[in-house]
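Trainee: Before the questions start, may I have the sequence and the coordinates side by side?

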Amino acid sequence: MIGEKCFVPCTPAGVVEMLRVSGIETDGKHVVVLGRSNIVGKPVANLLLRKEHNATVTVCHSRTKNMKDITSTADILIAAIGKPEYVKSDFIKEGCVVIDVGINRVDDPLSKKGYRITGDVDFIDCFEKSLLITPVPGGVGPMTIAMLVKNTLDSAAGNIYEK
Ligand SMILES: NC(=O)c1ccc[n+]([C@@H]2O[C@H](COP(=O)([O-])OP(=O)(O)OC[C@H]3O[C@@H](n4cnc5c(N)ncnc54)[C@H](OP(=O)(O)O)[C@@H]3O)[C@@H](O)[C@H]2O)c1
């Protein structure tokens, strides 16, 4: 939060790295973060507030009123609430970049395991309207693991992760 060099939490670091490598500009953009947990919502909001990212960040939580009015102004929406397929297309504006952090297990009698993994975003509903959207599984999850490996290597090498 105060900008000192430190190891950055893996999931928030993965989200920011994903935006960077995808060429998504954050400077001056409105980022709406759904969720204020200590492991995702708060750190990702703080990272994007840093001067190297310069986003205008709004954080929503379970007591936020008129949430759709806020999310529909987002250039980038980051969902981390743990509610399966909660975010529908009427939450987002045309051309929004949607990052789905959620990992939720839902019953699925058609699957061998009897369940499937889904995000906090209704991917199919939001796909057409979004500029870019991350899948679940296969989006933020692997980025989290990549950042964990990076932090581990940096730790072993005595480096401090600076992104
Ligand atoms: N992809 C990954 O690598 C990764 C890593 C970590 C977590 N996750 C997933 O990300 C999701 C969130 O994880 P977490 O640990 O941050 O969860 P958490 O600690 O349960 O926090 C959930 C947050 O969402 C808010 N919230 C809940 N329902 C809401 C609603 N209907 N509208 C607005 N806000 C709502 C809560 O608000 P209050 O504060 O008011 O209760 C809380 O701040 C989970 O599905 C988790 O499995 C994925």
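This is a predicted model: local features need pLDDT of at least 70, side-chain atom pairs count only at pLDDT 80 or more; totals for chains, interfaces and linings use all residues.

Mentor: Residues are numbered from 1 along each chain as its sequence is written, and side-chain values use heavy atoms, without hydrogens and water.

Trainee: In what order do the elements of the protein run from the N terminus on?

Mentor: There are five helices and seven strands, taken as DSSP runs (helices H or I, at least four residues; strands E, at least two) and numbered from the N terminus. From the N terminus on, the order is α-β-α-β-α-β-β-β-β-α-β-α.

Trainee: What percentage of the 163 residues is buried?

Mentor: Buried means under 20% relative accessible area, with a 1.4 Å probe and protein chains only. By that criterion the buried share of the 163 residues is 42%.

Trainee: Which helix gives the largest share of the shell around the ligand?

Mentor: The ligand is surrounded by 21 residues, each with a heavy atom within 4 Å of it. Arg 36, Ser 37, Ser 62, Val 101 and Thr 144 are the closest. The largest share, three residues, comes from residues 140-157, helix H5.

Trainee: How far is an oxygen atom of the ligand from an N or O atom in the side chain of Ser 37?

Mentor: A polar contact here is a pair of N or O atoms within 3.5 Å. A backbone N or O atom of Ile 103 lies 3.0 Å from a ligand oxygen, and for the side chain of Thr 11 the distance is 3.5 Å. For the side chain of Ser 37 the distance is 2.5 Å.

Methods:
A polar contact is a pair of N or O atoms within 3.5 Å; within protein, one must be able to donate a hydrogen and the other to accept it, and residues adjacent in sequence count only if both atoms are side-chain atoms. Buried means under 20% relative accessible area, exposed over 50%, partly exposed in between (1.4 Å probe, protein chains only).
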